[in-house]
Amino acid sequence: MGLKDVFLQHPERRYIMFGGGGGVGKTTFSAAAAYWLASQGKKVLVFSVDPQASLTDIFKRDIFGKGPVQIMDNLWAQEIDADSHIRTYQQEIRQKILDMYGLPAVPEEIENYIQAASAEPAMEESAIFDAVVDVVMKGDYDYYIYDLVPLGHALYYLSMAKVYDEWINKITKLREEMREYEDMVSRLRREKENEQDQILNELHYIKNRINTSAGILTDKTKTAFFFVVIPEAMVINDTQKAAQLFAQFNVPIAGYLVNRVIPRELLDQNIPEYLRRRIAMQDQHMGDLRTAFGDKVLALVPEMERDVTGLATIKKLAAIMFA
Amino acid sequence: MVEQKKPQGEKSWLEAIRETIYGMAAHDMSRAALRTRASMEHLFILITMGDLLGIPILPPYYSLRLLPYVVPQIATWKRRMLREKDVADAMF
């Protein structure tokens, strides 16, 4: 079964993700899949959740932080600008503090906290994943193609979502208990009802956001996760480990796509020993891949003769991927 | 709240009895409840704003959302957290 059949057999899978180690071709494959789906008449948004996004390079269009940009018929691309997203968000928090307490300026201690929180390494990922919820919830497109962050970050995010969920359940419970004490005092003092607990509302909101973004990653019917691998020992090892972890987090793994396979036709030509050895090495690793992932290996994509940038080469690549 | 003017003698008399009964029966209870409530408030800020004391707990992106609501408590909370011998004291 090929990649095309998987897409044709499962039209309900609307969230398509390409994950893999750094530099294996996630962005390239995301762009090619988006191109193919768009040329089939589907309305597609391909977007990057990687702070070092490269959709701009592949489409040769400056789309960074500009919202969805139309690339061609049915195809839009988006790169989320995490920094500006965080700056806007910080400003909203500051404004809220000023409005709530009628202050002329944010107290120094609070301002320091805002600054420190934003310097946390997890901030960027959280901000992007949070922005993705908005993008996906609008539901304007038939397909959403995620150009994912390298494996480590995606795993981090998934485990984070699980921990956060439990954590937020706990503090929501604490908050509700606090609420009971408040109500008790009100009853004893025969005061009227307490006003709504704003913090409790915020906690419910946060829980909802985290669950939505993690929920998409683990949705068995609507999500298809593809690993991109290259036939090299280390990449295959990493992918096997990651696949196990992803499975533990219930990510629905739809298949494996092998990139940068040296064309075997070269063997008929007069090629240097160096290239013959590399082909032999790849053959061995391809065997490993087949043993490890069986018929879930859905496509073999050759090492291209030039960089995949611009629609013409993307089209060529898509034709190979979806043969 | 306490210093309200009472228009009628009878009403204020009833009010006085009500407050006396409240004072005898329920005041201690509500004081204890408020104390517990305040401790929980501090615990709550600790687990959401732990970064302020150098204890990162909540993902910072979301803890910022809660920050505006706890601004007034932060000064007293820090004092309390640094005074208490054991953080668990604040829990019970």
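User: Which residues are buried in helix 2 of chain B?
Analyst: In helix 2 of chain B, the buried residues are Pro60(B), Tyr61(B), Tyr62(B), Ser63(B), Leu64(B), Arg65(B), Leu66(B), Leu67(B) and Pro68(B). A residue is buried if 20 or more other C-beta atoms, placed from the backbone, lie within 10 Å of its own, and helices are DSSP runs (H or I, at least four residues) numbered from the N terminus. This is a predicted model in which local features need pLDDT of at least 70, side-chain atom pairs count only at pLDDT 80 or more, and totals for chains, interfaces and linings use all residues. Residues are numbered from 1 along each chain as its sequence is written, while chains are lettered from A and ligands numbered from 1 in the order in which they are written.

User: Why is that helix described as largely enclosed?
Analyst: Nine of the 11 residues of helix 2 (residues 60–70) of chain B are buried, so the rest of the structure largely encloses it.

User: And how much of chain B is buried overall?
Analyst: Buried residues account for 24% of the 92 residues in chain B, whose secondary structure comes to three helices and zero strands.

User: Switching to the partner, how many residues are in contact between chain A and chain B?
Analyst: 34 residues of chain A are in contact with 28 residues of chain B, where contact requires C-beta atoms, placed from the backbone, to lie within 7 Å.

User: Which helix of chain A gives the most to that side?
Analyst: Helix 7 of chain A does, with 12 residues on the side that touches chain B.

Technical notes. Two residues are in contact if their C-beta atoms, placed from the backbone, lie within 7 Å. Helices (H or I, at least four residues) and strands (E, at least two) are DSSP runs, numbered from the N terminus. A residue is buried if 20 or more other C-beta atoms lie within 10 Å of its own, exposed if 12 or fewer, and partly exposed in between; C-beta atoms are placed from the backbone.
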